[in-house]
Amino acid sequence: MKIKTKLISGVGLLFAFIILLAAMSIIYVNALQRDTKNILVANYNTLQYSRNMLLALEEIPTNTEALSGFEKNLKKQEANVTEIGEQEKTSELSSHFRRLKLNPDDPLLASFIRSDIAELMRLNMEAIERKSSIANITAERAVFWISVAGTVCFMIAFILLVNLPGNIANPIKELTESIRQIANQNYKERVRFESHSEFGELARSFNTMAEKLEEYAESKLDKIIKGKKRIETLINNMHDPVIGIDEHKKVLFANDEALKISGLKRENVIGQQIQDIAVSNDLVRDLIKELINPEFTKNEGPIKIFADGKESYFEKELIDIQVIPTGEKVSQLIGHVIMLRNITPFKELDLAKTNFIGTVSHEFKTPISSIKMSLQLLEDVRVGKLNAEQKHLLESIKDDSNRLLKITGELLNLTQVESGNIQLSLKPTDPKELVHYALEATKTQSEQKNILVEVSCPDHLSEVIADGEKTIWILINLISNAIRYSHEGGKIGVKISEENGHVKFMVKDSGSGIPEKYLGKVFDRYFRVPGTQKEGTGLGLAISKEFIEAQGGSVNVESEVGSGSSFYFTLKRSEV
């Protein structure tokens, strides 16, 4: 049966019985009203008239107005005859009263009248008793049938109260739970309604939808599994180690290369917390330092790992995997991927290049030194005088040999930096002496361009912990660059100051300055600001940076186009 039909039938039947109950109540109330009205209107009035006539009869001997009162009530009684025998008695009473009017003192007539009135009262009292019995029967019948109708209404209402809410609410509750299961991707859920109501139709439609979703999910799952296997195959065949973890730091996958270099087994890795693996594996512990502690300073150098019977070098990259859920705008972190790029072949080539440069530079240094010595001999007048053209050629050879010697020195320093074998001799050193040696080494260069070098230094200055030779080389490089990029007749400032437990060395030139977009690249190897026509290899600043940082200091640059540049570095004080 349809839900609508059930509601209409149940509520309609209840409504019909309520109307029936109301109709029965009205009928029986009217019947009771009619019965009581008969008693009140007919019989009660007769008794009242009879009483008044008896009173008037007693007053006739003493009150002349009593006859008119008696006659008045008698006329009312004649108009209120309702019972059997009452008409005859009323007629007799009228006859006796007419005779009494003619002979008021006749006691026998008064007795007859009293007897007539008493008979009238008896007839009406019996009528009252009879009508009261009828009214009681009517009342009892009314109570019975109204009680029956009320009980039926109550039973129908109770049945509706017990069954109707359940018939509607229970299917809705079951359907809601099934919808929740579908929402949780349990597409095998079905609704079991056996009724032919609207809920049955809804259940059939719901089950059809669930079947289609299950079919779609299974077909989609098959594609997802195939795609997952393709990705796993691709990752496993990569020559670079790859490890994937979810947002809870649980390992999702690790390819063969990652397992090989870490010495781990797949069954001991997949599904495990990477922190637990790191407890017993040094390599994994190094790989997840940034992941576990975000404040950990990233190491920009390659990771050296002993694998395949040799030392291998890898560059680590930690990739955060973020997605934007459907219907949302904010991305969510769902995991990380740790990739290690094998740079061993490049490292080997770089090492070979470094060794080659070191060897060539070392081999070049000896003949260049011999050439400089020969030039000094040729400049000595004791060997012989040179003409102007020979002196010009000699100066050119001297400049070229100095340039070659400087480049060779820079290349040798570069080999130290690249090989990681920077030899330092750190000891307390007077900063003023370092600046003095550097100024003396660049004095001729500044005089040739007529450049004024101003030195600013406090009287009392702490010593620094530094390698004197390399620090002087750095200062010479900075001052030489300042001279090279300053205009002829310009000015260079060299300033030494103390701040925050460090001694700061600054060299400021009066050149054209460096554009802001190039400031972050000036310390890169072989970099030169585009558009400059000056000499240089592009190695000096890069080597200076490595030497300063190796001594525990830092280097930086400030520049403004048109106003020159300021290069400065800091070294630790000896007291610190």
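Modeller: Leu67, Phe70, Glu71, Leu74, Gln77 and Glu78 of helix H2 are in contact with Glu86, Thr90, Leu93, Ser94, Phe97 and Lys101 of helix H3. Contact means heavy atoms within 4.5 Å. Helices here are DSSP runs of H or I with at least four residues, strands are runs of E with at least two, and both are numbered from the N terminus.

Biologist: What's the make-up of the contact of H2 with H3 by class?

Modeller: It has 5 nonpolar, 3 polar and 4 charged residues. Ala, Val, Leu, Ile, Met, Phe, Trp, Tyr, Cys and Pro count as nonpolar, Asp, Glu, Lys and Arg as charged, and the others, Gly among them, as polar.

Biologist: Before we go on, what kind of model is this?

Modeller: This is a predicted model, where local features need pLDDT of at least 70 and side-chain atom pairs count only at pLDDT 80 or more, while totals for chains, interfaces and linings use all residues. Residues are numbered from 1 along each chain as its sequence is written, and side-chain values use heavy atoms, with hydrogens and water left out.

Biologist: Thanks. At what angle do H2 and H3 pack?

Modeller: About 160°, with the axes 11 Å apart. The axes are lines fitted to C-alpha atoms, for helices over the stretch in contact, and angles run from 0 to 180 degrees between N-to-C directions. H2 and H3 are therefore roughly antiparallel, a label for angles over 145 degrees; under 35 is roughly parallel, 65 to 115 roughly perpendicular and the rest oblique.

Biologist: Is the crossing of H2 and H3 left-handed or right-handed?

Modeller: Left-handed. That label applies if the near helix is turned anticlockwise from the far one by less than a right angle, and right-handed applies if clockwise.

Biologist: Now rings. How many aromatic pairs does the structure hold?

Modeller: It holds 6. Rings of Phe, Tyr and Trp (its six-membered ring) pair if their centres lie within 6.5 Å, and planes under 30 degrees apart count as stacked, over 60 as edge-to-face and the rest as tilted. Phe70 and Phe97 have ring centres 4.6 Å apart and planes at 20°, so they are stacked. Phe70 sits in H2 (residues 66-78) and Phe97 in H3 (residues 86-102), so to speak a link between distant parts of the chain, 27 residues apart.

Biologist: Are Phe70 and Phe97 buried or exposed?

Modeller: Both are buried, meaning under 20% relative accessible area, with exposed over 50% and partly exposed in between (1.4 Å probe, protein chains only). Another pair, Phe144 and Trp145, is edge-to-face, at 5.0 Å centre to centre and 75° between the planes. Phe144 counts as partly exposed at 48% relative accessibility, and Trp145 does as well at 39%.

Biologist: Back to helices: how do H12 and H14 pack?

Modeller: H12 (residues 431-441) and H14 (residues 468-485) pack at about 50°, with axes 9 Å apart. That makes H12 oblique to H14, and their crossing is right-handed. Among the contact residues are Leu434 and Tyr437 of H12 and Ile472 and Leu475 of H14. By class, this contact has 10 nonpolar, 2 polar and no charged residues.

Biologist: And the overall secondary structure of the protein, what does it come to?

Modeller: It comes to 15 helices and 12 strands. Buried residues make up 34% of the 576 residues.
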